[in-house]
Amino acid sequence: MSALGWARWTWRTLTSMRTALILLFLLAVGAIPGSMLPQRGVSTEQVSNYFSDNPDLAPWLDRLYLFDVYSSPWYAAIYLLLFVSLTGCVLPRALAHYRAMRARPPRTPRNLGRMPYSAEFTTDAPPDRVLAGARALLRRHRTRTETDADTGTAALSAETGYLRETGNVLFHLALLGLLVALATGSFLGYRGNMLVVEGDGFANTVTSYDSYFPGTAVDQDDLQPFSFTLEDFQASFVEDGRMSGQAASYSADLAYRASPEAPERDHTLEVNHPLSVDGAQVYLLGHGYAPRFRVDTPDGDTVFDQPVPFITREEGNFTSDGVIKVPDAGGRQLGFSGVFLPSAAEGPEGGLVSDFPAPRDPVVTLTGYRGDLGLDTGSQSVYQLHTDDMTELGDSPELRPGDSWELPDGAGTLTFTGYSDYISMQVNSDPSRVPALLAASTAVLGLLATLFVRPRRVWVRARRRGDGRTAVEVAGLGKTENAVLTADFHSFATSLRDRLRDGPAVDTGTKE
């Protein structure tokens, strides 16, 4: 083939329904890693934990974009090919269906006895009255009438059920619209993740996010100017039974403002009850603990006094890891890596473990370091402690709220003063939410029409016989195999016969 021939073959192959189905299947298969592996767009902390737990496997998965599935090049390629395939497949099909709806029903076949359903009877009514009776019974059908004056034959073709193909076309057009809406949202929308400790506030600026994912056309000055304060958080867990330790409910009380000039309002944030502000939705994703520490110098000066979020290592019992950085402790820098156990208990091997997610007996254990934290060498995660240029001070005893640890070498005193709750949240601004919802709803309606509408064709032929009576032939054809259609065709034939009857009718045979 020539280059033009190959181009035509490629286009026909790409825009075939088979190719569209294959691409749709690949899109679904490609989304599986996104549901099995943590995604940076949802929780960067969980991705970091996965790297810590799987140091050999995680880098290879990252090279394949499996922690950023929905923004990966290969997923975008499938998405774009599916969009092109559906466009080239659905639009010509929609135009063909539109022309078919405007066209007249097909002519009456010569041999109606070959149809899946056929019946014959005779009547004294003339052919024109037969067709008038048939049109009255088929008033919801599109009809076509043909007469032959030479033979005294009149025929009627009727067709209905166009809504089935309309629903099919509408379903695929809605899928196309859904793809457009999702693409529009990725260009004009943004999402960001943050962690807010109980009692702290949040302002919707780029610098307030722990991770921020803007759309291509989003300017940071376009962010909605809302803010809120996390006033209180309550978590409850199942206490007994096989479900012991499972989260029963999360509830966060927020005081928010839609803008700096707007009045303050209250909102109870729950897992399936987001806060909606000026087109942005604030979702509650998870919960954890932020132990509070105070660090005093040997002279008694307090150089650090604040809660530190610890990232949950094990979701079941909320064993958490965290890092404390004290950049100025009387002329020296201190760092601590620690483990927080909300309900400390002795494990099977004698070590401390947490046996329940609620804070029944909170305990912190720390390892201290002194030296250069590396804060001047560039940006670094607040959840990681670089100890290459630091000297280890040793391990702390088990610290419960109110306990202190006298740091070795006169480095000062660290006190575990208590703990606060924190919540992980996501802000999602997507201007295509409503169009996407409308497209999805339209797809459902189209699918329902495809499933429940039964297209059919009915033919009636009336012919004057030599004895003065009229022979009537009735035939039906359903485009779907359905026993209900056969019963409907038979009901039509008997209704037409009864309408025309002016004396005993004679059935000459029925084929079903």
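Predicted model: local features only at pLDDT ≥ 70, side-chain atom pairs only at ≥ 80, totals over all residues.
**View 1. The largest pocket and its centre.** This pocket has a volume of about 1,300 Å³. Its lining consists of 47 residues. Those that lie nearest the centre of the largest pocket are Tyr70, Leu182, Ala183, Ser186 and Arg191.

**View 2. Helices and strands around the largest pocket.** Two or more lining residues come from each of the helices α2 (17-30), α6 (73-102), α8 (162-188) and α9 (433-452). The strands β4 (190-197), β6 (211-214) and β21 (412-429) likewise give two or more residues each. Helix α8 gives the most to this lining, with 11 residues.

**View 3. Residue classes in the lining of the largest pocket.** When the lining residues of the largest pocket are divided by class, 28 are nonpolar, 15 are polar and four are charged.

**View 4. The second largest pocket and its centre.** The volume of the second largest pocket is about 500 Å³. A total of 21 residues line the second largest pocket, and Ser48, Asn49, Ser52, Tyr383 and Gln384 are the closest to its centre.

**View 5. Elements and residue classes around the second largest pocket.** Helix α4 (44-53) and the strands β13 (311-314) and β14 (319-326) each supply at least two residues of the lining. Of the elements, α4 gives the most to the lining of the second largest pocket, with six residues. By class, this lining holds six nonpolar, 10 polar and five charged residues.

Definitions and conventions. Residues numbered from 1 in each chain as written. Heavy atoms only, no water. 1 Å grid on protein atoms, 1.4 Å probe; cavity = no way out; pocket = protein on both sides within 12 Å on 5 of 7 lines; lining within 4 Å. Points joined across faces, edges and corners; volume = space filled by probe spheres on them. Helix = DSSP H or I, 4+ residues; strand = E, 2+ residues; numbered from the N terminus. Nonpolar A, V, L, I, M, F, W, Y, C, P; charged D, E, K, R; others polar.
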